[in-house]
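Dear colleague,

Please find below the structure that I am handing over to you. My findings follow directly after it.

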Amino acid sequence: MKSITLDPTWYVNDAAFDWLYPERIQQLSRQHWTPVEVAKKAAKFLASEGGKILDIGSGVGKFCLIGGHHFQEAIFYGVEQRKELYHFAQAAKELTAARNVDFINGNFTQIDFADFDHFYFYNAFFENLVEDGHIDQDMEYSVSLYKYYSRYMFKGLDDKPSGTRLVTYHSLEDEVPPSYQLVDATVDFLLKMWIKR
Ligand SMILES: C[S@@+](CC[C@H](N)C(=O)[O-])C[C@H]1O[C@@H](n2cnc3c(N)ncnc32)[C@H](O)[C@@H]1O
């Protein structure tokens, strides 16, 4: 069996980070996992006051592990519906000895938004709108599921107190309530930072 050795610079760039995972997961990286530089920028904004940060649809844990490494004063949680990806996230957490990172296996609709302070979202529900490029063939996809999840997240975010921070990456913004004010964005407008009024 091939064993994985931890590169002590696992967090410096995408190629180094990918080595925490088997080849099949590495191949999904470019399309499905947040780039290291984007994760750092997003985490800096969300962790500015510490607190509990939730990645909604955390995949193999890339955002949480990069964020947790750079911003030790915050705790990064990730909720992921696919059991296999959750296990890869747990394995990477152990390899990197991350102490302020936790992963939950389940649908985000089982999560109580009241338990978290700030939120990260990399277009997790988009897989319900497209025909190809899926992570696997194990899930049911539908436009109605996209709408249901987007509305559910919208409501969860709308119920949060003023000052709640949100970062969206590649989002169609159906899940962003108008009570969230856009306060910063990258030049390509793919990464957006929001604060609840
Ligand atoms: C684009 S990936 C982003 C992964 C991670 N946040 C990152 O940035 O590296 C979106 C992930 O959301 C997960 N996902 C989609 N719908 C979900 C749901 N309803 N509950 C939990 N996870 C979900 C998918 O399985 C996928 O792993």
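**Fold and ligand site**

Read from the N terminus, the elements of the chain follow the order α-α-α-β-α-β-α-β-β-α-β-β-β. In total, the chain has six helices and seven strands. Please bear in mind that this is a predicted model.

As to overall dimensions, the C-alpha trace spans about 50 × 40 × 35 Å along its principal axes. The radius of gyration of the chain is 16 Å, which agrees with the value near 16 Å that a compact globule of 197 residues would have.

I turn next to the ligand. The space that the ligand takes is the largest pocket. Around the ligand there are 23 residues, of which T34, D55, G57, E80 and R82 come nearest.

In the side chain of R82, an N or O atom is 2.6 Å from an oxygen atom of the ligand. G57 takes part through its backbone, where an N or O atom lies 2.8 Å from a nitrogen atom of the ligand. For N107, the side chain places an N or O atom 3.1 Å from a nitrogen atom of the ligand. Taken alone, the ligand exposes 610 Å², and the protein buries 97% of that area.

With kind regards

Conventions:
Residues numbered from 1 in each chain as written. Predicted model: local features only at pLDDT ≥ 70, side-chain atom pairs only at ≥ 80, totals over all residues. Heavy atoms only, no water. Near = heavy atom within 4 Å. Polar contact = N/O pair within 3.5 Å; in protein donor to acceptor, adjacent residues only side chain to side chain. Areas by Shrake-Rupley, 256 points an atom, 1.4 Å probe, with all protein chains shown as cover. 1 Å grid on protein atoms, 1.4 Å probe; cavity = no way out; pocket = protein on both sides within 12 Å on 5 of 7 lines; lining within 4 Å. Sits in = over half its atoms within 2 Å of the grid points. Helix = DSSP H or I, 4+ residues; strand = E, 2+ residues; numbered from the N terminus. Rg over C-alpha atoms; globule rule 2.2 N^0.38 Å.
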